[in-house]
Amino acid sequence: MSEQPREPDQDGEARRAAAGPASASPPVTSDGPSATSACPSATPDEQRALSDGPFMSPDAPLAEAGGPFAEADALLTEAGGPFTEAGGPFAEAGGPFAEAGGPFGEVGGVSPASPVGRLAATVERLSREVRAAQAEAEGRALIELAKGVLVERLKCGPVQAARQLAELAEQARVTPLELAVDVINQAARDRMSEVTDAFLAATKAADGAEPESAAVRLRAAESGVLAADDTQAVADALLEQALRPLGAVAVAVWAAGSDGSLTLAGSAGFSPAEATRWRYVPPDVVTVARRGLIEREGQWITSLGRTGLPSIGLHYHPDGGRVALPAGTGGRIHGVLEIAWPAPLTPQPPQVVRQVEALAELCAHTLETYTPPQAGTQEPRVLPDAAELMDLADGLHDPALVLVPHLDGDGHLADFRIQHVNSRFLDPAGRPRAVVSGALLLEAYPMAAGDSELFQRVERVYATGEPFRARRMNLTALVDQVPLSAVADISISRHGSSVLLIWRIEDETARLASLLQHAQRLGRIGGFEENVLTGEITWNGQLFDLYGRPQSSTPVPLEELPSHAHPDDGVSIRRFLRTLLHHRRPAAAAFRLQRPDGVTRHIRIVAEPVLDTDGRLLLVRGACQDISAQHWTEVALAATRDQLAHTEQQATERNRLTLQLQHAIMPPTQAPLRVTGLQVAVRYRPAETEQLVGGDWYDAVVLPSGYVLLCVGDVAGHGIEAATSMVVLRNALRGLAVTGAGPGQLLSWLNIVAHHLTGSVTATAVCGLYDPVRRTLRWARAGHLPPVLVRGGEAAPLPLVKGLLLGAVPEVAYEEDEIQLAAGDTLLMYTDGLIERRDRPVEESLTHLLTTARTAPSTLDQQLDRLLTYSKSDTDDDTCIVGIRVG
């Protein structure tokens with residue numbers, strides 16, 4: 001209930017007292033509201049009899065002569081009064097006189113003391129009394145029901161039961177209505193009483209809570225629902241008695257059709273226009289109610305707007321919460337209870353969830369007998385009964401079962417009974433129809449509740465009315481505790497209170513034959529069988545296509561096969577036939593088939609003999625496969641392999657010649673130079689991969705002037721072109737050096753050679769002239785790494801001088817620098833193959849080189865070998881090192 005029965009207000013009591021004894025209403029007794037308010041002229045005995053009667057009319061207080069509403073009636077029907085028309089300014093509670101300033105404050109210049117103000121106050125007071133009278137009427141029904149329970153339990157009369165109820169309420173210090181609900185709960189022990197007990201147990205511990213009102217509210221809602229004559233009244237009772245105290249503002253009761261549609265059977269809190277718009281929802285339209293119908297646990301939505309689902313009243317409360325619960329009894333869902341909240345719905349405690357579920361179950365009892373209104377004069381649709389469904393099943397060409405629900409002692413769905421099986425029925429386990437008909441579904445097919453979920457599918461279809469269909473569903477039956485499986489197409493549909501289950505056991509032979517046919521088509525395989533005794537030959541359609549013959553023509557015998565093959569293949573075909581027919585062993589052969597249309601196909605034939613018990617040949621079966629595409633692919637691959645082998649041989653020979661040329665010009669070591677006070681050593685390490693023959697070069701030679709020419713360089717690229725360019729630059733530098741020019745001028749001339757005379761190659765180089773007398777080194781660089789000086793256990797690169805790489809531009813001037821060397825100093829010139837790495841910067845690799853160079857072995861040759869050994873280069877490039885040590 002939305003509120004407790006209340007005592008009449010003081011204004012009403014005072015007014016009735018002023019009107020005299022005839023208009024005064026006695027107070028409510030422990031038996032419920034006083035019966036004298038309905039019959040003031042009755043004798044005391046008659047009044048007691050009325051008060052002890054089974055049910056008082058809830059409209060009695062409204063009809064008493066001189067009662068509180070006679071005065072309102074006189075005012076409202078006053079000729080020329082402002083309230084003669086429906087919908088007048090004061091027709092609604094909370095009208096213009098319920099504004100700020102008091103419920104009857106002065107609004108718009110109307111004084112409470114004026115006739116209009118007094119009339120507004122009367123309307124407001126009468127509205128409160130109407131609500132109080134309705135609450136009293138609802139509470140009276142529960143009190144009378146509790147008195148009936150006491151009559152049955154105590155074996156007493158109505159008067160004694162009423163007196164006992166009043167005494168118990170006074171002793172327990174509760175109202176008679178609260179005690180009446182407690183008596184009903186103790187006697188019923190139904191779902192509503194369980195929910196009430198749980199709710200009371202959870203709420204009594206809360207400070208300031210009024211748990212007893214929950215019990216009254218639930219029982220009052222149940223009384224209102226059961227007393228309602230249609231679903232609209234059910235919706236009104238649920239909203240006012242049970243849901244508004246929970247914060248809900250609207251409720252909709254949906255009836256589920258057998259086709260999965262939804263019909264709005266009743267609503268409260270929504271406008272009539274909104275209810276008209278949502279009077280029918282077709283099948284398969286996803287709404288909040290549809291989700292509640294499909295999901296057995298229901299839908300508890302925090303905010304409707306976030307889901308994107310349409311629903312009734314969405315534009316009124318777009319962010320409000322929604323609850324949609326299936327309303328069902330006996331395993332069958334009859335509809336959905338949808339409840340709307342104005343604000344987002346917070347998670348509800350389990351007690352409230354169970355309370356709402358109990359209200360949905362109340363709706364199911366009304367929806368069970370609900371009949372959707374029919375438009376016009378159309379006859380109401382009659383759902384087929386089991387007998388009509390049996391006739392329908394007998395007319396089907398597929399195996400069909402008619403199932404009816406089987407309920408347990410508590411009225412819950414426990415199983416389905418196989419009411420009928422049609423004449424086309426084939427049991428997967430091979431049992432006769434009489435054994436299956438009449439049995440329970442889980443007894444006949446216990447594996448239906450297993451992995452296939454067949455029973456769950458049937459249960460869902462029966463509950464929701466939505467049909468289910470599936471292809472190639474696995475069915476398992478137990479025969480002598482041995483599971484036997486079959487694959488079938490399934491169709492399940494609800495018809496009235498019965499379920500029609502149709503399955504079509506898949507014909508494995510036909511399916512495999514179709515699969516084989518497609519495999520032969522994709523593999524271009526044709527099959528044949530030849531009876532040696534009768535001469536009968538059987539070909540499939542694919543073999544006729546391979547031979548290029550129409551299917552109406554006569555198949556070709558095996559003995560005539562050589563006449564249809566290329567003459568060069570006659571020997572192999574005869575060997576095949578001799579092995580197959582004479583030696584009676586399986587055989588295979590490949591030949592070229594010459595078709596009547598002039599096309600030659602490459603065919604591979606495989607066959608085996610079939611012998612009788614005496615070892616005599618009965619027939620030959622085999623297959624022919626068109627391998628023309630494979631043959632031509634192999635031919636193309638063979639030609640490609642030959643071409644690749646030839647190309648590889650040419651590349652190998654080219655690289656061998658290039659390597660020989662490079663080794664002839666750049667030997668790994670060089671004969672030592674004989675210079676007083678100077679040791680000279682060189683190292684050349686070619687690339688590990690022969691295809692990467694590079695353009696690194698070095699030179700160390702004593703010039704006619706007595707100076708020593710020291711240089712290293714690197715031509716960009718690999719292969720014969722790089723090696724040829726390297727030879728040109730090395731010989732050019734050696735020839736230019738005899739002019740006596742300095743290293744800067746030598747690099748300028750070498751740049752002209754690289755740019756104009758070698759096909760515009762680019763290269764890097766470092767060039768130095770060592771004076772043995774002065775122990776000085778003049779040097780210049782062209783985009784190359786500077787030399788490294790090792791002195792006194794420390795190694796460092798020489799300061800950089802400017803110099804562009806060779807061949808980039810036609811003319812370049814190169815800077816020079818001079819360094820004074822001392823005894824024991826070591827100078828190293830190298831190419832980037834010594835330090836270059838793909839995963840590290842050059843600076844880091846150079847640091848590693850300097851660390852290695854600090855450790856100077858006893859001889860210069862050992863030091864160069866150490867640098868090559870501990871090099872971390874990973875580019876597989878060739879490397880040159882030139883080293884000098886002043887001695």
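In this predicted model, helix 25 (residues 842-854) and helix 26 (residues 860-869) have axes that come within 10 Å and cross at roughly 145°. Helices here are DSSP runs of H or I with at least four residues, strands are runs of E with at least two, and both are numbered from the N terminus. The axes are lines fitted to C-alpha atoms, for helices over the stretch in contact, with angles running from 0 to 180 degrees between N-to-C directions. The crossing of helix 25 and helix 26 is right-handed, a term used when the near helix is turned clockwise from the far one by less than a right angle.

On the helix 25 side, Leu849, Thr852 and Ala853 take part, and they meet Gln863, Arg866 and Leu867 of helix 26; contact means heavy atoms within 4.5 Å. The residues of this contact divide into 3 nonpolar, 2 polar and 1 charged. In this grouping Ala, Val, Leu, Ile, Met, Phe, Trp, Tyr, Cys and Pro are nonpolar, Asp, Glu, Lys and Arg are charged, and the others, Gly among them, are polar.

Now to the charged pairs. Side chains of opposite charge can pair when their charged atoms come close. With a salt bridge taken as a side-chain nitrogen of Lys or Arg within 4 Å of a carboxyl oxygen of Asp or Glu, the count comes to 26 salt bridges.

One of them joins Arg471 and Asp489, at 3.5 Å from N to O. Arg471 sits in strand 9 (residues 468-479) and Asp489 in strand 10 (residues 482-495), 18 residues apart. Arg471 is exposed at 69% relative accessibility, while Asp489 is partly exposed at 22%; buried means under 20% relative accessible area, exposed over 50%, and partly exposed in between (1.4 Å probe, protein chains only).

Another salt bridge, at 3.1 Å from N to O, links Arg524 and Asp626. Arg524 lies in the loop between helix 19 (508-523) and strand 12 (525-531) and Asp626 in strand 16 (residues 617-626), so the pair ties together parts that are 102 residues apart in sequence. Arg524 is partly exposed at 37%, whereas Asp626 is buried at 9%. Arg601 joins Arg524 and Asp626 in a network of salt bridges.

Asp771 and Arg774 also pair, at 3.9 Å from N to O. Here Asp771 is buried at 9% and Arg774 partly exposed at 45%.

Residues are numbered from 1 along each chain as its sequence is written, and side-chain values use heavy atoms, leaving out hydrogens and water. Because the model is predicted, local features need pLDDT of at least 70 and side-chain atom pairs count only at pLDDT 80 or more, while totals for chains, interfaces and linings use all residues.
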